Amino acid sequence: MIRHLVLFKLNDGVTRDEPRVVEGVEAFRALGEQIPELTFWECDWNITDRPIAYDFAINSAVEDTDALKRYIEHPAHQAGVALWREFATWVIADYEF
């Protein structure tokens with residue numbers, strides 16, 4: 001199994017309630033039901049306000065590297081990523097467990 005973690009930081013001046021951000025969150029929340037390769041899916045806003053904290057997180061799992069590749073290339077994932085590119089930066093970690 002592979003854990004896929006993503007932490008998002010909203011760009012300066014961007015707020016959680018902006019329509020484009022709300023759309024991006026909705027797009028990512030729907031991925032768990034849209035992409036069969038995902039064996040585990042959760043995402044949500046960070047609840048702390050520490051300066052070094054990221055704003056939004058995805059915690060997911062897939063069976064193997066081939067499933068991870070299919071997830072990354074899936075049209076619904078790519079559409080969500082395109083939305084988030086407009087207002088955030090992120091870091092990713094993928095590891096076996």
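**Exercise 1.** Which residues is Ile 58 in contact with, leaving aside its neighbours within four places in sequence? Determine also the element that holds Ile 58 and whether Ile 58 counts as buried or exposed.

*Solution.* The structure is a predicted model.
- Step 1. Ile 58 has its place in strand β3, which covers residues 56-62.
- Step 2. Once the neighbours within four places are set aside, the contacts of Ile 58 are His 4, Leu 5, Val 6, Phe 8, Phe 28, Trp 41, Glu 42 and Cys 43.
- Step 3. The relative accessibility of Ile 58 is 4%. Buried means under 20%, so Ile 58 counts as buried.
- Step 4. As a distance check, the C-alpha atoms of Ile 58 and Tyr 71 are separated by 13 Å, and the two residues are 13 residues apart along the chain.

**Exercise 2.** Describe the packing of helix α1 (residues 19-34) against helix α3 (residues 75-85).

*Solution.* Two packed helices are described by the angle between their axes and the distance between the axes.
- Step 1. The axes of α1 and α3 come within 9 Å, and they cross at roughly 160 degrees.
- Step 2. Angles over 145 degrees count as roughly antiparallel, and α1 and α3 are therefore roughly antiparallel to each other.
- Step 3. The handedness of the α1 and α3 crossing is left-handed.
- Step 4. On the α1 side, the contact is made by Glu 23, Gly 24, Val 25, Ala 27, Phe 28, Leu 31 and Gln 34. On the α3 side, Ala 76, His 77, Gly 80, Val 81, Leu 83 and Trp 84 take part.
- Step 5. Sorted by class, the contact of α1 with α3 comprises 8 nonpolar, 4 polar and 1 charged residues.

**Exercise 3.** Classify the arrangement of helix α2 (residues 65-73) and α3, and list the residues that make the contact.

*Solution.* 
- Step 1. The axes of α2 and α3 are 5 Å apart, and the packing angle is about 55 degrees.
- Step 2. That angle makes α2 oblique to α3.
- Step 3. Helix α2 contributes Tyr 71, Ile 72 and Glu 73 to the contact, while α3 contributes Pro 75, His 77 and Gln 78.
- Step 4. By class, this contact of α2 with α3 has 3 nonpolar, 2 polar and 1 charged residues.

**Exercise 4.** Is Arg 3 buried or exposed, and which residues does Arg 3 touch, not counting residues up to four places away in sequence?

*Solution.* 
- Step 1. Arg 3 is found in strand β1, residues 2-10.
- Step 2. At 15% relative accessibility, Arg 3 counts as buried.
- Step 3. With residues up to four places away not counted, Arg 3 touches Phe 40, Asn 59, Ser 60, Ala 61, Ala 93, Asp 94, Tyr 95 and Phe 97.
- Step 4. The C-alpha to C-alpha distance between Arg 3 and Asn 59 is 7.3 Å, with the pair 56 residues apart in sequence.

Key:
Residues are numbered from 1 along each chain as its sequence is written. This is a predicted model: local features need pLDDT of at least 70, side-chain atom pairs count only at pLDDT 80 or more; totals for chains, interfaces and linings use all residues. Side-chain values use heavy atoms; hydrogens and water are left out. Helices (H or I, at least four residues) and strands (E, at least two) are DSSP runs, numbered from the N terminus. Buried means under 20% relative accessible area, exposed over 50%, partly exposed in between (1.4 Å probe, protein chains only). Contact means heavy atoms within 4.5 Å. Axes are lines fitted to C-alpha atoms, for helices over the stretch in contact, and angles run from 0 to 180 degrees between N-to-C directions. Angles under 35 degrees count as roughly parallel, over 145 as roughly antiparallel, 65 to 115 as roughly perpendicular and the rest as oblique. A crossing is left-handed if the near helix is turned anticlockwise from the far one by less than a right angle, and right-handed if clockwise. Ala, Val, Leu, Ile, Met, Phe, Trp, Tyr, Cys and Pro count as nonpolar, Asp, Glu, Lys and Arg as charged, and the others, Gly among them, as polar.
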